[in-house]
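User: Please take me through one part of this model by question and answer, with the cut-offs spelled out as you go.

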Amino acid sequence: DYVTHIAQTTARNRSSMLQDVAAGRQTEVEWINGYLVRLGQQHGVPTPVNTLLYTLVKLKEASCHHTKY
């Protein structure tokens, strides 16, 4: 089906965020997940998954300033 075709076609692609981390650059996580976390906080809506993703990517960004993977 179509979804399987797309998954197979793009299986070797690397997301822009992964490319940024690998190159030691700041990612767009602040503007994607960080925005959703802040918006949730403003409206009293928990965003545990976005908070976790945001935190993990920010930790990876910080560690990449010391070593690249």
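Thr-27 touches Met-17, Asp-20, Val-21, Val-57 and Glu-61, leaving aside residues up to four places away in sequence, where contact means heavy atoms within 4.5 Å. This is a predicted model, in which local features need pLDDT of at least 70 and side-chain atom pairs count only at pLDDT 80 or more, while totals for chains, interfaces and linings use all residues. Residues are numbered from 1 along each chain as its sequence is written, and side-chain values use heavy atoms, with hydrogens and water left out.

User: With the side chain of which residue does the side chain of Thr-27 make a polar contact?

Analyst: Thr-27 lies in the loop between helix H2 (16-22) and H3, helices being DSSP runs of H or I with at least four residues, numbered from the N terminus. Its side chain reaches the backbone nitrogen of Val-29 at 3.2 Å. A polar contact is a pair of N or O atoms within 3.5 Å, where within protein one must be able to donate a hydrogen and the other to accept it, and residues adjacent in sequence count only if both atoms are side-chain atoms. At 2.5 Å, the side-chain partner of Thr-27 is Glu-61.

User: Is Thr-27 buried or exposed?

Analyst: Buried means under 20% relative accessible area and exposed over 50%, with partly exposed in between (1.4 Å probe, protein chains only). With a relative accessible area of 2%, Thr-27 is buried.

User: Which helix is included in what covers the buried residues of H3?

Analyst: In H3 (residues 33-43), the buried residues are Asn-33, Gly-34, Val-37 and Gly-40. They line one face of the helix, because seen down its axis they fall within an arc of 130 degrees, taken from the directions from the helix axis to the C-beta atoms. On the other side of H3, Gln-42 and His-43 are exposed. The cover over the buried residues includes helix H4 (48-64).

Terms used: Helix = DSSP H or I, 4+ residues; strand = E, 2+ residues; numbered from the N terminus.
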